[in-house]
Amino acid sequence: ADGDGIVDKHGAKTYLGPSSAWSAEWNEDSFKEVTNKSVSFTGNLTIKAGDIKDVDVMGSGSKLTVSGGTMGKIDCDGTAEIKGGTMSSVDSTGGVTLNTGTIKGNVETSQKATINGKITIYGSLTAQDVEASSCDGASISGTMKAGNSVVLNSKNLKVKEIDGENMAELNLKGYQGLLPTVSNMLTINVDASSAVTASGKLKAGKLVIAQKGEFTTNYPLELDTLTGPGTLSYLAGKLTIHNAITGKPLLSFINPVHSGVTAFKADRGMLTGDEPMIYDYQLDKKSSGDSEDFVLTSSLKEGVTLNNSSLYLEKGKSATIQATVKPAFSEFAEGTKMVWELHGDTSAFTISANDQKHSCAVTATGTGSGKATL
């Protein structure tokens, strides 16, 4: 009667009726029994409890809300919000919000999918855009596919793989820790408050790391374009660039390096603009067929050198790192000073700089093991 329908249980049976009838004294003539039957409805529908089969909600302006019950596959012309219940699959044309509940199969929408809670999906998720924020405990057993964009700011989403279908961009906002497997991504954006680690071999069109952002990988990395000025930490020689390096990203090597080691490879003749920032070494370009090897040369004759290249600290212990600057700061512009930064497991250490002595004290404060670069 009022255009809004509700599916709920009354006694041992499941009924469909208008919301006004559910709020009045029970009158069975106002309802349709749908126990273990399919439900077709035009308009806004709320499923609170009961046992039904497939659900079809018609109308582009419609909204389906599921907070409980057991049902088959869901097909919705409008938007859907899953806040509970168990269902076989969800196909929502106008977009879907996933909070809690269990979906045994796939979730599909041609619009945006928002993950806001502890949803469990045993199939795959396919959408134009995906945003996963407050999703502690959310799980997707299959692949999460997006045709336009994926936004992640929580590492607590468990997903087998994120597939950009060669068109989407992955936006990491305040993301800390290990990434799921990422494939076919056109662009990966790492913001200033993210410190992420790749979980496997990665190939992407563009990797953009903002200032103070960090991207770490122990696996081969293949990119069309690398853009800084953030930090890329990787195994020397395992980076391949096909197009360009822009924005002067800082390259930090996970493995020990020395003169003669290949820092990265690039397609021949492509890198003609910005070079990356590399501490202690310069780069020498050597052609090899259709590619070029960018090789580390001897240590810089001028710049900053430290009295230790590595050290181990037990919890509660400190060490002081001394820097030598050549030429002296007095030969630079007035007011030139040294800045110390910590990258990696920053929660495991604290640092305290002494500007007058060009030194920095490092203290191990965390529990368990931690590794960082000063």
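## A partly exposed asparagine

Asn184 is partly exposed, with a relative accessible area of 33%; here buried means under 20% relative accessible area, exposed over 50%, and partly exposed in between, using a 1.4 Å probe and protein chains only. Asn184 sits in the loop between β20 (181–183) and β21 (185–190). Its phi is near 55 degrees, a positive value in a residue other than glycine.

A word on the model before we go on. It is a predicted one, in which local features need pLDDT of at least 70 and side-chain atom pairs count only at pLDDT 80 or more, while totals for chains, interfaces and linings use all residues. Residues are numbered from 1 along each chain as its sequence is written, and side-chain values use heavy atoms, with hydrogens and water left out.

## Other backbone points to look at

Lys248 also has a positive phi, about 50 degrees, although it is not a glycine. You will find Lys248 in the loop between β27 (239–246) and β28, and at 41% relative accessibility it counts as partly exposed.

Two cis peptide bonds deserve a look as well. One joins Gly228 and Pro229, with omega about 15 degrees, and Pro229 belongs to the loop between β25 (221–227) and β26. Another joins Lys326 and Pro327, with omega about -10 degrees; Pro327 is placed in the loop between β34 (318–326) and β35 (343–344).

## The overall build

The secondary structure comes to one helix and 38 strands, where helices (H or I, at least four residues) and strands (E, at least two) are DSSP runs, numbered from the N terminus. The radius of gyration of the protein is 28 Å, well over the 21 Å that the globule rule gives for 374 residues, so the protein is more spread out than a compact globule. That radius is taken over C-alpha atoms, and the rule is 2.2 Å times the number of residues to the power 0.38. Along the principal axes, the C-alpha atoms fill a box of roughly 90 × 50 × 35 Å.

Buried residues make up 42% of the 374 residues. Among contacts (heavy atoms within 4.5 Å) between residues at least 6 apart in sequence, 20% join residues at least 24 apart. The protein exposes about 18,600 Å², of which carbon and sulfur atoms supply 46%; these areas come from the Shrake-Rupley method with a 1.4 Å probe, and for residues only the protein chains shown count as cover.

## A parallel sheet of six strands

An open sheet of six strands runs in the order β19-β22-β24-β26-β28-β30, with parallel pairing. β19 (176–178) and β30 (277–278) stand at the edges, each with a single partner strand, so one side of each is left without a neighbour in the sheet. Two strands pair if DSSP finds at least two bridges between them.

Three bridges join β26 to the parallel strand β24 (residues 214–216), where Phe215 stands opposite Leu232. Four bridges join β26 to β28 (residues 250–253), again in parallel, and there Leu251 is the bridge partner of Leu232.
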